[in-house]
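Dear colleague,

I am passing on a structure for you to look over, and my notes follow below it. Please read them alongside the coordinates.

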Amino acid sequence: MVQHGDIAAKFSLFSEHWRPKVIASLNGQEVKVVKVQGVFPWHQHEDCEEMFLVWKGRFRVEFRDRICDMGPGEFVVVPRGVEHRTAADEEAEILIFEPAEVLNTGNVTDETFTAPRGVTI
């Protein structure tokens, strides 16, 4: 099945923060869009890397020893098993590339931030 879409149009379909939506899948990976604002809890993913690509706004991935502060077109790959948290002072739009089975909060369950998996738009 051919997957085709307009990223800006996908972002226009929702307004909530920290709730990733799947827009494509390939080779066991998912491409997700998410709107973020505020600070996400510290967590890690033991068995996989994840990549964040900034589409709109400013976004940072904080590690215990450094911070990757990014703008549109910039990305970071978080290595497996590395503790991190994400943050944005103002709303930002982010693309995430990760395995389909990944829970957004990794090794942490959080009533506010843990999102359902497999939500597509």
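Which residues does UniProt list for "domain: Cupin type-2"? The unreviewed entry gives residues 34-95, and in this model, which is predicted, the end C-alpha atoms of that span lie 6 Å apart, while the span itself is 0% helix and 61% strand.

Taken as a whole, the chain has 1 helix and 7 strands, which run α-β-β-β-β-β-β-β from the N terminus on. For 121 residues, a compact globule would have a radius of gyration near 14 Å, and the 13 Å of this chain agrees with that. Of the contacts in the chain with a separation of 6 or more, 64% are between residues 24 or more positions apart, and 42% of the 121 residues count as buried.

The element I looked at in detail is strand β4 (residues 59-63), where 5 of the 5 residues are buried, so the strand is largely enclosed by the rest of the structure. In a regular strand the side chains alternate between the two faces of the sheet. In β4 both faces are covered, with F59, V61 and F63 buried on one side and R60 and E62 buried on the other.

As for its partners, β4 pairs with strand β5 (residues 67-70) in the antiparallel sense over 4 bridges, with a hairpin of 3 residues joining the two and F59 standing opposite M70. Strand β7 (residues 84-99) also runs antiparallel to β4 and is joined to it by 4 bridges, and there A87 is the bridge partner of R60.

With best regards

Note on methods:
Residues numbered from 1 in each chain as written. Predicted model: local features only at pLDDT ≥ 70, side-chain atom pairs only at ≥ 80, totals over all residues. Heavy atoms only, no water. Buried < 20%, exposed > 50% of the residue type's maximum accessible area, 1.4 Å probe, protein only. Pairing = 2+ DSSP bridges. UniProt positions renumbered as here; feature names shortened; annotations may be inferred. Rg over C-alpha atoms; globule rule 2.2 N^0.38 Å. Contact = heavy atoms within 4.5 Å.
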